[in-house]
Amino acid sequence: ILDRTPGGLRFRHPLLRKALLDRLGPARLPVAHARAAQALESLGRSPARVGRHLVEAKDPVAAVPHLLRAAETQAALGAYTDALATVSTAREHATGEHLARLLALRADLLLAKGDRSARDAFRAALAVVTDGPTRAHLRVGLARTATFAADYETARIALEGLEPDGGPSDAELMLAQGLLAYLTGDLATADSVVAEARRRLAFGGGGAAVMFELVALQGLLARHRGEWFQKLDSAPHKAAEEPGASIGLFDSYLCAAEYMLYGTRPHSEVMELAAELRASAERAGVLRAVAFATALRGEAALLMGNLDLAAEELRESADLHHDLGSTAGEAHALQRLGDSHLELGEREQATVLATRALPLARWSTMALHLLQRIYGTLVYAAPTPEEALAVVDRAEAAMGVDDECLFCQIMFVVPAGHAAAAVGEIERSRGYLDTARMMADRWEGTVWHAMVLELQAHLERAQGRDDVARTLLARAAETFAGAGHMLDAARCRRGGRGGLLVQTAPPAGVGG
């Protein structure tokens, strides 16, 4: 009747289980579930299993603490969809402290999934949470969701009165304050907040991911002052003095570099500056800086349309990062190398490279900057629209609260919008378009506006409005060409992606 498995016992066939349950009858079944819950709890088994049996035993109130522990475990493991389902099961019957913890967890989970209802979830949690540190965490979370949605007034109100107190959440708070100041044009405040946050982190507290975000924001501030390359040029010498900080130092420049590559600076100039950085890094003996500069030169070549040079530089960068044990740098170079193969129509090779990059990115400290791009490449490399949308679904299930970057998110939502439109999911595609448009409006002076125009054209064509689509593609081509993205401009002049993803290559570096 039974088979023994590593996790316990199971029936040899589901029909055996059904026959026994039918004989047990509905009146005795809740009692059996209650006994099972008691036995599992005494054996120290999974809270999820205990909670499930208590729910089936018609005792949902007793199930709440077990379901809460199960949801917290699922969230810690990155199973955000499962955790939300568990929270939903427990929420209706929770009270007091259990309700407060469930609502706080729900808000964090919705933020992790990029759900637009996260702001309301944070407000609901704040209405019942009384614990001081938890309330502060929720207010920072509310500010973060509001900032992502360009609701700066709500973000200001959420952060009002919060000050660093020497606790472990100081860096997260100051990062939120710095981002809000930066996005609202208060660059002086952003600069001072970031500098103070980095000083505090140097004495402990926070984490590597927060530190890298602060360095990336510092890089963006330097870019606004026209000092980004000067700051980057001094980095090899700092790394030579502190070799242990070398990998993290250059990883943290990644996001600002992407902003620059999609901005107004000519790619030929970026290539020259990258070559100078490489020469300086070689003189300083800092191989991590050499690998970074090589990747930067390869990316610029890719966006210019020089695919041979791009492949050569990116392959060398991937090898250098691999030898140095820099998983983030290797993942980045592999994904960009995959983009160069996509431009040549080599989808299978692009998929292989992006798939190799995925686990490297996931377990690096730069996951939030890399996962979105890698999944974007995998969407464009899929052989059919249906498979492309399946990649989108898989990506959304896998990416969480630490995987959302104000810059890099557009590298996923644009491919996702194309995939949804290609299979006729118009409303879903329109949601991605709205997100992409919001992000492009936030970062003026980038070719992201052209990416949005092309996506909008694809959505219009999917609804049969070909004349509108042609007008939008012409505008996209003009914007791409003005920024030096000639391959992208040429594709838009040819008519964009058409009705199927498989008909054309993706924009150079988009989704990467």
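This is a predicted model: local features need pLDDT of at least 70, side-chain atom pairs count only at pLDDT 80 or more; totals for chains, interfaces and linings use all residues.
Residues are numbered from 1 along each chain as its sequence is written, and side-chain values use heavy atoms, with hydrogens and water left out.

Student: How far apart are the end C-alpha atoms of helix H16?

Tutor: Helices are DSSP runs of H or I with at least four residues, and strands are runs of E with at least two, numbered from the N terminus. The expected span of a helix is 1.5 Å times one less than its number of residues. Because H16 holds 18 residues (267-284), it should span 26 Å, and this agrees with the distance between its end C-alpha atoms, 25 Å.

Student: Which residues of H16 are buried?

Tutor: A residue is buried under 20% relative accessible area, exposed over 50% and partly exposed in between, using a 1.4 Å probe and protein chains only. By that criterion, the buried residues of H16 are His267, Val270, Met271, Leu273, Ala274, Leu277, Ser280 and Ala281.

Student: Which residue just after H16 takes a positive phi?

Tutor: The phi in question is about 75 degrees. It belongs to a residue just after the helix, glycine 285.

Student: How many salt bridges does the structure hold?

Tutor: Side chains of opposite charge can pair when their charged atoms come close. A salt bridge is counted when a side-chain nitrogen of Lys or Arg lies within 4 Å of a carboxyl oxygen of Asp or Glu. The number in this structure is 20.

Student: Are arginine 336 and aspartate 339 buried or exposed?

Tutor: Their side chains meet in a salt bridge, with N to O at 3.8 Å. They lie 3 residues apart in helix H19 (residues 327-343), about one turn of the helix. Both arginine 336 and aspartate 339 are buried.

Student: What is the relative accessibility of glutamate 427?

Tutor: Glutamate 427 forms a salt bridge with arginine 430, the closest N and O atoms being 2.4 Å apart. The two residues are 3 apart in helix H24 (residues 426-442), so about one helical turn separates them. Arginine 430 is partly exposed at 25%. Glutamate 427 counts as exposed because its relative accessibility is 58%.

Student: Which residue forms a salt bridge with arginine 437?

Tutor: Arginine 437 is partly exposed, at 29% relative accessibility. The side chains meet at 3.5 Å, N to O, and the partner is aspartate 434.
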